[in-house]
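This report walks through one protein model. Keep the sequence and the 3D view open as you read.

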Amino acid sequence: MSANSKLPVPGQDHDPEGRKNRGLISLMRRHEWRLSHQQRDNLSTYLNAFPVLNALYEAKQRLNRLLLLKTLTRKRAERALPKLLRLIKQLHASPLHRLANTLTSWLEPVTAMWRFSKSNGVTEGFHNKMEMMSRRAYGFRNFENYRLRVLTSSLWVPPPRW
């Protein structure tokens with residue numbers, strides 16, 4: 001989940017002209033550590049003129065830092081959870097209340113992700129291999145040949161059929 005997709009275009013309530021400046025919108029949606037010094041200066045100049053947008057931007061950056069945490073120990077996860085809960089409470093009272101509702105409903109999966117990060121990269125790799133085999137063969141005449149090719153390419157030898 002990305003907080004960037006929930007970040008509003010600089011609100012017409014606070015800066016009616018900000019919506020027309022696509023460069024600033026792009027800068028607000030980036031991670032702060034991916035901004036150059038010049039971009040950071042431009043963004044801070046803009047945000048200093050609009051304190052409400054500055055507060056929203058800072059909340060978004062804190063949320064991104066929390067969501068990017070992976071494989072925490074139990075103690076570190078216990079320290080990060082109150083930070084996330086405080087941030088959600090703060091977001092409920094802001095224009096990002098819809099994001100706060102989403103985070104509230106996804107709280108358990110987010111905390112589980114911190115503790116046990118999993119990837120389906122191995123499954124995707126096998127699926128890619130199987131697709132490449134079927135493309136090279138222009139389709140096997142029977143499924144058993146295809147099945148044996150997949151099993152031998154994955155270094156798994158099937159038990160003999162007697």
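The sections below go from the whole chain to single contacts.

## Basis of the model

This is a predicted model: local features need pLDDT of at least 70, side-chain atom pairs count only at pLDDT 80 or more, and totals for chains, interfaces and linings use all residues. Residues are numbered from 1 along each chain as its sequence is written, and side-chain values use heavy atoms, with hydrogens and water left out.

## Overall fold

The protein chain has eight helices and zero strands. From the N terminus on, the order reads α-α-α-α-α-α-α-α. Helices (H or I, at least four residues) and strands (E, at least two) are DSSP runs, numbered from the N terminus.

The chain holds 162 residues, and 27% of them are buried. Buried means under 20% relative accessible area, exposed means over 50%, and partly exposed lies in between (1.4 Å probe, protein chains only). Among contacts with a separation of 6 or more, 55% join residues 24 or more positions apart. Contact means heavy atoms within 4.5 Å.

## The salt bridge

One salt bridge is counted. The rule asks for a side-chain nitrogen of Lys or Arg within 4 Å of a carboxyl oxygen of Asp or Glu. Arg65 pairs with Glu32, and their closest N and O atoms are 2.1 Å apart. The pair links distant parts of the chain, 33 residues apart: Arg65 lies in helix H3 (residues 51–67), Glu32 in the loop between helix H1 (22–29) and helix H2 (37–49).

Side chains of opposite charge can pair when their charged atoms come close. Both partners are partly exposed here: Arg65 has a relative accessible area of 38%, and Glu32 has 23%.

His31 sits in the loop between H1 and H2. Its relative accessibility is 17%, so His31 counts as buried. Leaving out residues up to four places away in sequence, His31 touches Gln61, Asn64 and Leu68.

Trp33 is also placed in the loop between H1 and H2. Trp33 is partly exposed, at 44% relative accessible area. With residues up to four places away again left out, Trp33 touches Arg40, Arg65 and Leu68. Trp33 and Gln61 are 28 residues apart in sequence, yet 9.9 Å apart in space, C-alpha to C-alpha.

## H2 against H3

How do the axes of H2 and H3 cross? They come within 5 Å and cross at roughly 125 degrees. Axes are lines fitted to C-alpha atoms, for helices over the stretch in contact, and angles run from 0 to 180 degrees between N-to-C directions. H2 and H3 are therefore oblique to each other. Under 35 degrees counts as roughly parallel, over 145 as roughly antiparallel, 65 to 115 as roughly perpendicular, and the rest as oblique.

H2 contributes Leu43, Tyr46, Leu47, Asn48 and Ala49 to the contact, and H3 contributes Pro51, Leu53, Asn54 and Tyr57. These residues divide into seven nonpolar, two polar and no charged. Ala, Val, Leu, Ile, Met, Phe, Trp, Tyr, Cys and Pro count as nonpolar, Asp, Glu, Lys and Arg as charged, and the others, Gly among them, as polar.

## The two sides of H5

Helix H5 (residues 97–105) buries Leu99, Ala100 and Leu103. They cover an arc of only 100 degrees around the axis, which puts them on the same side of H5. The arc is that of the directions from the helix axis to the C-beta atoms. An α-helix has 3.6 residues a turn, so residues three or four places apart point the same way.

The cover over these buried residues includes H3, helix H4 (74–92) and helix H6 (107–115). The face of H5 turned away from its buried side carries exposed Arg98 and Ser105.
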